[in-house]
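Hello,

Here is the structure we talked about. Please open it alongside this note; what I found follows below.

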Amino acid sequence: MNIMTLETVSLDENENALLILDQTKLPGTVDILHLKDIRDIWDAIKTLKVRGAPAIGIAAAFGLYLAALQSRANNYPSFITGLKYAKCYLNSARPTAVNLSWALNRVYRVAETHSDKPIPEITDLLRLEAIAIKSEDTETCRKIGEYGLTLIKNGDGILTHCNAGQLATSKYGTALAPIHLGREKGMNFHVYCDETRPLLQGARLSAFELLADGVDTTLICDNMSSQVMKEGRVSAVFVGCDRLAANGDACNKIGTSGLAVLAKYYGVPFYVFCPASTIDMTIQTGSDIIIEQRSPEEVTEMWYSKRMAPEGVKVYNPAFDVTGHELITGIVTEYGIARPPYVDSLKEIFTTKATASNPSH
Ligand code: MRU
């Protein structure tokens, strides 16, 4: 079975369960989970069974619809109270990626807007909104891929970190979208995947999906990127993003900012890929972004046959870091490529977005 033909996150055909590809088991085992209970959906997001900013937003959107479907409320006030609780609960699963709250708020607003309708009708509208979020994500990633393809040429070497590919979205990915789209067009690139300690999203997920798509892929440890850039193997660095501030500071998987520093040193262009839903214009700079802290065991024992660090050692395990806007060559969105100064170009992106969603104005 080719992983590229499977859905990362979807609604099952009876429309009463969330289906996710369990990413903690990849690449060894391809397992699809059927989740109905929002506690299981919360846990799947928390434990990275579903991960990547757009994918957790989509999963949570379906989760909120399922919470509505299972609601026993017989009047609107108790229905919306229960829904608000479910929204806050799902949102608490992970703090950094803004797509989670963005998708939950979008679905929740539908319930608020249609307060005059019967509960089953509102529930159905929530289902449609969650489906729309998912299908728009595919279209968005495709456009991001098209813009990304203008930055590279056939045969280029691209370095990527973590997994901002199909497994992190509904299709194509963000940073890996140009690579997958390029494959559709008969192009090929040489992709270097950082293994991405401690959870190995690069080794387990990006390398897996790129190979499945027939991409020329080389896995490197995180501490090898400097040498690979120095040897002139990298034409550009392509990374995803979990939350982007109004000034262009980009929060992504831990290790990303170090890569940006190296890229600057070696004169390699460094591009951040993200949908507009990842841009948080309420946050002025990256220092306002909450960085998720994860458990010490991810560093000391996960993926090892036995614990590899001494008992009692202190562990610091931030899951993300912030790359300063001054290190970023361009920000690739579905509305085009923003260039410095980002305070202006990101505003322009949102102006284009507003025009695209309301063409008569
Ligand atoms: O902890 P993860 O695996 O959810 O982190 C994912 C990333 O950092 C991705 O680069 C980001 O979410 C963009 S996914 C298109």
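A polar contact here is a pair of N or O atoms within 3.5 Å. Keep in mind that this is a predicted model.

Ligand first. A polar side-chain atom of aspartate 242 sits 2.9 Å from an oxygen atom of the ligand. A polar backbone atom of glycine 52 is 3.0 Å from a ligand oxygen, and one of alanine 53 is 2.9 Å from a ligand oxygen. On its own, the ligand has 410 Å² of accessible area, and the protein covers 99% of that. The ligand has 18 residues around it; Arg51, Ala53, Arg94, Asn252 and Lys253 come nearest.

Next, a helix pair. Helix α5 (residues 119-149) and helix α6 (residues 177-184) have axes that come within 8 Å and cross at roughly 85°. Angles from 65 to 115 degrees count as roughly perpendicular, so α5 is roughly perpendicular to α6. On the α5 side, the contact is made by Cys141, Arg142, Gly145, Glu146, Gly148 and Leu149. Ala177, Pro178, Leu181, Gly182 and Glu184 make it on the α6 side. By class, that gives 5 nonpolar, 3 polar and 3 charged residues.

Last, the backbone. Most peptide bonds are trans, and most residues other than glycine have a negative phi.

- Leucine 26 to proline 27 is a cis peptide bond, with omega near 5°. Proline 27 is in the loop between β2 (18-21) and β3 (32-35).
- Proline 340 and proline 341 are joined by a cis peptide bond, omega about 0°. Proline 341 is in the loop between β14 (336-338) and α11 (342-357).
- Cysteine 162 is not a glycine, yet has a positive phi of about 60°. Cysteine 162 lies in the loop between β4 (157-160) and α6.

Best wishes

Key
Residues are numbered from 1 along each chain as its sequence is written. This is a predicted model: local features need pLDDT of at least 70, side-chain atom pairs count only at pLDDT 80 or more; totals for chains, interfaces and linings use all residues. Side-chain values use heavy atoms; hydrogens and water are left out. Axes are lines fitted to C-alpha atoms, for helices over the stretch in contact, and angles run from 0 to 180 degrees between N-to-C directions. Helices (H or I, at least four residues) and strands (E, at least two) are DSSP runs, numbered from the N terminus. Angles under 35 degrees count as roughly parallel, over 145 as roughly antiparallel, 65 to 115 as roughly perpendicular and the rest as oblique. Contact means heavy atoms within 4.5 Å. Ala, Val, Leu, Ile, Met, Phe, Trp, Tyr, Cys and Pro count as nonpolar, Asp, Glu, Lys and Arg as charged, and the others, Gly among them, as polar. A residue is near a molecule or strand if one of its heavy atoms lies within 4 Å of it. A polar contact is a pair of N or O atoms within 3.5 Å; within protein, one must be able to donate a hydrogen and the other to accept it, and residues adjacent in sequence count only if both atoms are side-chain atoms. Accessible areas come from the Shrake-Rupley method with a 1.4 Å probe; for residues, only the protein chains shown count as cover.
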